[in-house]
Amino acid sequence: MRDLAFTTLSAAATSVLGTPKPMAKVRLGRAIAAMWRGGSIGDVGSALAPDRPARPVRPVLLLPRDLPKRKVSREPTGRIALLHALAHIELNAIDLAWDMIARFAAADLPRAFFDDWVGVAAEESGHFALLDQRLSALGAEYGDLPAHDGLWAAAEATAHDLLARLAVVPLVLEARGLDVTPAMIARLRAVDDGPSADILDIIYRDEIGHVAVGKRWFDHAAATRGLQPVVTWQGLVRRYFKGGVKPPFNIAAREAAGFSAAFYAPLGDEYMARKAP
């Protein structure tokens with residue numbers, strides 16, 4: 001990493017997106033974050049973000065409905081499956097953060113926007129590294145099991161519009177993580193897998209901050225366009241996220257991120273009405 005030389009943050013971001021090996025992606029992203037914070041990369045610049053990030057040959061990508069379901073138990077198989085799925089989410093999250101930087105570099109945004117997303121990218125890299133290490137301790141590695149491509153499908157659907165991207169990725173997908181992670185932590189502790197639960201505790205705390213970043217910049221982008229945030233967010237989610245906003249919600253964690261129920265509660269009601277017999 002000593003020979004890295006990037007003149008702009010956006011060019012550096014596209015380099016991360018073009019790196020297929022997960023741990024190489026992690027190391028490169030961390031090095032770029034340090035360079036940005038230290039001032040050796042000073043300008044955001046502009047670059048052409050790829051349609052899709054480079055990825056390793058494994059895991060095989062399936063439709064979500066085709067993935068086998070496994071329960072967390074004292075046997076390692078189910079816990080490995082859970083941690084593998086989370087590692088896949090975190091790898092996507094690394095690319096989503098760097099794509100946010102590269103794709104919207106020319107959008108006349110304050111430097112603080114890029115500071116925030118570099119920070120998010122660095123934390124997502126840390127999450128993947130922790131999960132990768134834990135998988136190894138359990139006798140597995142990332143790529144051993146199939147995964148799905150739903151997260152990047154959401155990125156593709158919102159690639160044309162910063163406001164839509166902010167509405168869907170941090171404020172639907174990452175916010176959903178706040179809802180489901182506490183139960184996963186409890187299941188892991190119930191089978192005495194403290195090391196895995198401790199990793200999820202770290203991820204959970206960091207993801208509150210990531211949702212807060214998304215909310216801050218969604219509000220900024222809406223205000224810049226003269227749009228009302230709640231109505232705008234709901235309209236964008238209805239248009240670009242077909243899975244629906246599923247309750248129950250972790251209201252306390254969402255409130256800690258500055259994301260009030262005025263945004264998502266009506267969409268949760270709509271989801272439940274669609275599912276009613």
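How are α4 and α7 oriented to each other, roughly parallel or roughly antiparallel? I shall answer that after a few words on conventions.

The model is a predicted one, in which local features need pLDDT of at least 70 and side-chain atom pairs count only at pLDDT 80 or more, whereas totals for chains, interfaces and linings use all residues. Residues are numbered from 1 along each chain as its sequence is written, and side-chain values use heavy atoms, with hydrogens and water left out. Helices (DSSP runs of H or I, at least four residues) and strands (runs of E, at least two) are numbered from the N terminus.

To the helix pair, then. The axes of α4 and helix α7 (residues 194-224) come within 10 Å and cross at roughly 165°. Here an axis is a line fitted to C-alpha atoms, for helices over the stretch in contact, and angles between N-to-C directions run from 0 to 180 degrees. Angles over 145 degrees count as roughly antiparallel, those under 35 as roughly parallel, 65 to 115 as roughly perpendicular and the rest as oblique; α4 and α7 are therefore roughly antiparallel. Their crossing is left-handed, that is, the near helix is turned anticlockwise from the far one by less than a right angle.

I turn now to the salt bridges. The term denotes a side-chain nitrogen of Lys or Arg within 4 Å of a carboxyl oxygen of Asp or Glu, and by this rule the count comes to 20.

Consider Asp-99 and Arg-165, whose closest N and O atoms are 2.7 Å apart in a salt bridge. This pair links distant parts of the chain, with Asp-99 in helix α3 (residues 76-103) and Arg-165 in helix α6 (residues 162-190), 66 residues apart. Asp-99 is buried, at 0% relative accessible area, and Arg-165 is buried, also at 0%. Buried means under 20% relative accessible area, exposed over 50%, and partly exposed in between, with a 1.4 Å probe and protein chains only.

A second bridge joins Arg-58 to Asp-144, with 3.2 Å between the closest N and O atoms. Arg-58 lies in the loop between α2 (22-38) and β1 (61-62), and Asp-144 in the loop between α4 (111-137) and β2 (147-148), 86 residues apart. Arg-58 is partly exposed at 38%, and Asp-144 is partly exposed at 39%.

Within helix α6, Arg-176 and Asp-179 are three residues apart, or about one helical turn, and their side chains meet in a salt bridge at 3.9 Å, N to O. Arg-176 is partly exposed at 27%, while Asp-179 is buried at 14%.

Finally, a network of salt bridges links Lys-25, Arg-55 and Asp-95.
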